[in-house]
Amino acid sequence: MNITREKVVSTLIKDKRVPQLETASAFASTNIALCKYWGKRDIELNLPMTSSLSVSMGELGASTKISLSGTEEIWLNGEAVSTNTLFYQRLIEFFDLFRPTADTKFKIETDTNIPVAAGLASSACGFAATVKALDKLFAWEQSDSHLSILARLGSGSACRSIYDGFVLWNAGIAKDGMDSYAEDLEYVWPELRVGILLVDSKQKSISSRDAMQATVETCPYYKLWPETVNKAIKVVDEALEQRDFWALGTTAEANSLAMHALMLATTPPIIYSQGGTLELMQKVWRLRAEGLPVFFTQDAGPNLKLLFLQKDEEKLKEQFAQMRVVAPFAKVKESTHV
Ligand code: 2P0
């Protein structure tokens, strides 16, 4: 028999089902995978086929406030979310896992500083912030690994957003997923920069959830993916240890292209890139050929994230006027200067 999300939640939170506060808030950074999660071995529990490795985006993310309320309401960036949207239904189903009684209602207010559904992993920070806020509301006092498991039940990549910095999500092998959670890799690389290049911030045509499932089911090359990711994780881990930016960039870029290649060979094909995406890729390759160490990674959307080092930030801002630059270790850097 398959294990349900309800069963996992009961195992973790036990009898801590009564809210201890009227309201609680938390923030979680969004994260960008350097070695991607693409494909599930269990759809209900969001258990991945492979491990993945990401970097959290510091100040970029979601703040979620949860309050006990007379009516069920979801607010996103100051606007009420309509009950007939997928977003509303997914979040309410997630809250159903924790409701002490059927008539306990929540007001959930999320503010993000990233475009929602633009392939910038907003569900990742949204569910991670939600789980952190629920931990406070119910006084669960769960460990980070357990918060990571709970966040995964909302969205796979959310399990990585529980942590700052570089994060490894171990795929695990257990049927109930109790060994499938993220861990902080504890490497610090203050000079690392991520540049966000928006090509289009509209809602994507196919969700990553549906796209990865279609890939698993129909792409004849999917069987090559586990080995591809596992190798990439080893190389990136080593690159982080050695601060070898070239190895990090080439591996992350190749892994992202490999994921999109799988989608191209899926039936029907899935292409998140737009014309502008390809133009930006070509520009990155041209700059690199001219000696600038800059790489890209692309998620389930047309936008690109550039990877580069602080020393090249000004040169790259000249090349990409609209780029938003994130310093994932800005907070860490500040604290080491105190
Ligand atoms: C990642 N993505 O590793 C990959 C790369 C997009 C491209 O994780 O179904 O929203 O909620 O587990 O986590 C986006 O998929 O999917 C994602 P669900 P999720 O960041």
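A: Helices here are DSSP runs of H or I with at least four residues, strands are runs of E with at least two, and both are numbered from the N terminus. With that in place, Pro268 is found in the loop between α7 and α8, the latter covering 275-289. The model is predicted.

The peptide bond that joins Thr267 to Pro268 is cis, with omega about -10°. Most peptide bonds are trans, and most residues other than glycine have a negative phi. Two residues depart from the phi rule. Asn77 is not a glycine, yet its phi is positive, about 50°. The loop that holds Asn77 runs between β5 (73-76) and β6 (79-80). Asn77 counts as partly exposed because its relative accessibility is 36%, which falls between the 20% and 50% cut-offs. Glu141 is not a glycine either, and has a positive phi of about 55°. The loop of Glu141 sits between α3 (122-137) and α4 (144-154). Here the relative accessibility is 68%, so Glu141 counts as exposed.

One more loop residue deserves a stop. Arg243 has its place in the loop between α6 and α7 (245-264). Its relative accessible area is 42%, so Arg243 is partly exposed. Arg243 and Ala33 are 210 residues apart along the chain, and 18 Å separates their C-alpha atoms.

Now the charged pairs. Side chains of opposite charge can pair when their charged atoms come close. The structure holds 15 salt bridges. One of them joins the side chains of Arg193 and Glu313, at 3.0 Å from N to O. Arg193 is buried, at 7% relative accessibility. Glu313 is buried as well, at 14%. The pair belongs to a network of salt bridges that links Arg193, Glu313, Glu314 and Lys317.

Two further pairs. Lys315 bridges to Asp312, with the closest N and O atoms 3.3 Å apart. Lys315 is partly exposed at 44% relative accessibility, whereas Asp312 is buried at 2%. Lys231 and Glu227 also form a salt bridge, again with closest N and O atoms 3.3 Å apart. Both lie in helix α6 (residues 225-242), 4 residues apart, about one turn of the helix. Lys231 is exposed, at 53% relative accessibility.

Last, the ligand. Its shell has 18 residues, the closest being Tyr37, Lys40, Ser155, Gly156 and Ser157. They divide evenly by type: 6 nonpolar, 6 polar and 6 charged. Helix α5 (residues 208-218) gives the largest share, 3 residues. Domain 1 (5-184) and domain 2 (192-336) both contribute to the shell, so the ligand lies between them.

A polar side-chain atom of Arg90 lies 3.4 Å from a ligand oxygen. For a polar side-chain atom of Ser123, the distance to an oxygen of the ligand is 3.3 Å. Gly156 uses a polar backbone atom, 2.7 Å from a ligand oxygen. Taken alone, the ligand exposes 460 Å², and the protein buries 95% of that.

Note on methods:
Residues are numbered from 1 along each chain as its sequence is written. This is a predicted model: local features need pLDDT of at least 70, side-chain atom pairs count only at pLDDT 80 or more; totals for chains, interfaces and linings use all residues. Side-chain values use heavy atoms; hydrogens and water are left out. A residue is near a molecule or strand if one of its heavy atoms lies within 4 Å of it. A polar contact is a pair of N or O atoms within 3.5 Å; within protein, one must be able to donate a hydrogen and the other to accept it, and residues adjacent in sequence count only if both atoms are side-chain atoms. Accessible areas come from the Shrake-Rupley method with a 1.4 Å probe; for residues, only the protein chains shown count as cover. Ala, Val, Leu, Ile, Met, Phe, Trp, Tyr, Cys and Pro count as nonpolar, Asp, Glu, Lys and Arg as charged, and the others, Gly among them, as polar. Domain bounds come from an automatic or database domain assignment. A salt bridge is a side-chain nitrogen of Lys or Arg within 4 Å of a carboxyl oxygen of Asp or Glu. Buried means under 20% relative accessible area, exposed over 50%, partly exposed in between (1.4 Å probe, protein chains only).
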